[in-house]
Amino acid sequence: MSSDPTRPSETNIAGDSEERIKRFLATASHDLQSPLRHIAMYAELLLDDLEETLDGEQLQSLRMIMEKAQAAQRLTKALMSLAGGAPQVTPEEVDLQALSENVWGELTDETGVSDATLESEGLPSIRTDAALLGLVLRHLLTNALIYRGEAPPHVTIAAERKGTDWFIRISDNGPGIDTAYRERIFEPFWKLPKAGAVQGAGLGLTTAREFLTALGGNISLEHSDASGSRFIIRLPIA
């Protein structure tokens, strides 16, 4: 049977989606660079001018603003390099326990989900790019908070070393992912159907996978049923 020449092939569709992602990442990252640079610059100026007059809590808040703006600058630069086809990776020793707790704290504050709990004791330090891995964790943990079941969200993060790789498992107690959708969750611009969910670009898991590829690793859905879902991240040790 001959194929219909008027119907786009899966290869063409995938290629078009990849180009759309690259354009999206490049444009968004470029447009964010200037305001982030100014936020970091003005925060630093305020620190220099007001350091002697501010109390400890105010100084900590101002330093946090500067550090978060600088971290966002690094992320947008990484996104731009990823869109350009040459990902910028800066390996360093990353305390996975601290990174997970920081991302979790930011997300629960942003979403206002006060009944969610994180179980992540004793996670190791690994050598990787902190900004990119932090964004991967942010996407996965955001999904765990958004696609929740009736019980308060509970997420477990565990890591183990096997051979030359780290395996990081992120489990939640959500309703699970329908078997009809499990092959689609990493597709660009596709979102898991959920009544009342805030609509977004549908690039969370797609970009997470791209970042992990840049880090020499990958991600997959290891398990999902009515008791929850478990994703597994593989990262090289060195």
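This is a chat about a predicted model of a single protein chain.

Q: Let's start simple. How many helices and strands does the chain have?
A: There are five helices and seven strands.

Q: And in what order do the elements run from the N terminus on?
A: The order is α-α-β-α-β-β-α-β-β-α-β-β.

Q: What share of the residues counts as buried?
A: The chain has 238 residues, and 35% of them count as buried.

Q: What about contacts: what percentage join residues at least 24 apart?
A: That's 68%, taken among contacts between residues at least 6 apart in sequence.

Q: Is Phe186 buried or exposed?
A: Buried: its relative accessibility is 13%, and the cut-off for buried is under 20%. Phe231 counts as buried too, at 10%.

Q: Which side chain does the Ser229 side chain make a polar contact with?
A: With that of Ser224, at 2.8 Å.

Q: And which residues does Ser229 touch?
A: Leaving aside residues up to four places away in sequence, Ser229 touches Ile170, Ser171, Asp172, Gly176, Ile177, Leu221, His223 and Ser224.

Q: Switching to Ile126: which strand is that in?
A: Ile126 is in β3, which covers residues 125-128. With a relative accessible area of 3%, Ile126 is buried.

Q: What does Ile126 touch?
A: Once residues up to four places away in sequence are set aside, its contacts are Glu92, Glu93, Val94, Leu133, Trp166, Ile168 and Leu235.

Q: How many residues separate Ile126 and Glu92 in sequence?
A: 34, and in space their C-alpha atoms are 8.1 Å apart.

Q: Let's look at α5. Which of its residues are buried?
A: The buried ones are Leu205, Thr206, Thr207, Ala208, Phe211 and Leu212.

Q: What follows that helix?
A: α5 is followed by Gly216, which has a positive phi, near 85 degrees.

Q: Last topic, pockets. What volume does the second largest pocket have?
A: About 750 Å³.

Q: How many residues line the second largest pocket, and which lie nearest its centre?
A: It is lined by 25 residues, and those nearest the centre are Ala71, Arg74, Leu75, Ala130 and Ala131.

Q: Which elements give two or more residues to that lining?
A: Those are α2 (56-83), β1 (92-95), α3 (96-111) and α4 (130-146). The largest share, seven residues, comes from α2.

Q: And by class, what is the lining made of?
A: The lining of the second largest pocket has 11 nonpolar, four polar and 10 charged residues.

Notes. Residues numbered from 1 in each chain as written. Predicted model: local features only at pLDDT ≥ 70, side-chain atom pairs only at ≥ 80, totals over all residues. Heavy atoms only, no water. 1 Å grid on protein atoms, 1.4 Å probe; cavity = no way out; pocket = protein on both sides within 12 Å on 5 of 7 lines; lining within 4 Å. Points joined across faces, edges and corners; volume = space filled by probe spheres on them. Helix = DSSP H or I, 4+ residues; strand = E, 2+ residues; numbered from the N terminus. Nonpolar A, V, L, I, M, F, W, Y, C, P; charged D, E, K, R; others polar. Buried < 20%, exposed > 50% of the residue type's maximum accessible area, 1.4 Å probe, protein only. Polar contact = N/O pair within 3.5 Å; in protein donor to acceptor, adjacent residues only side chain to side chain. Contact = heavy atoms within 4.5 Å.
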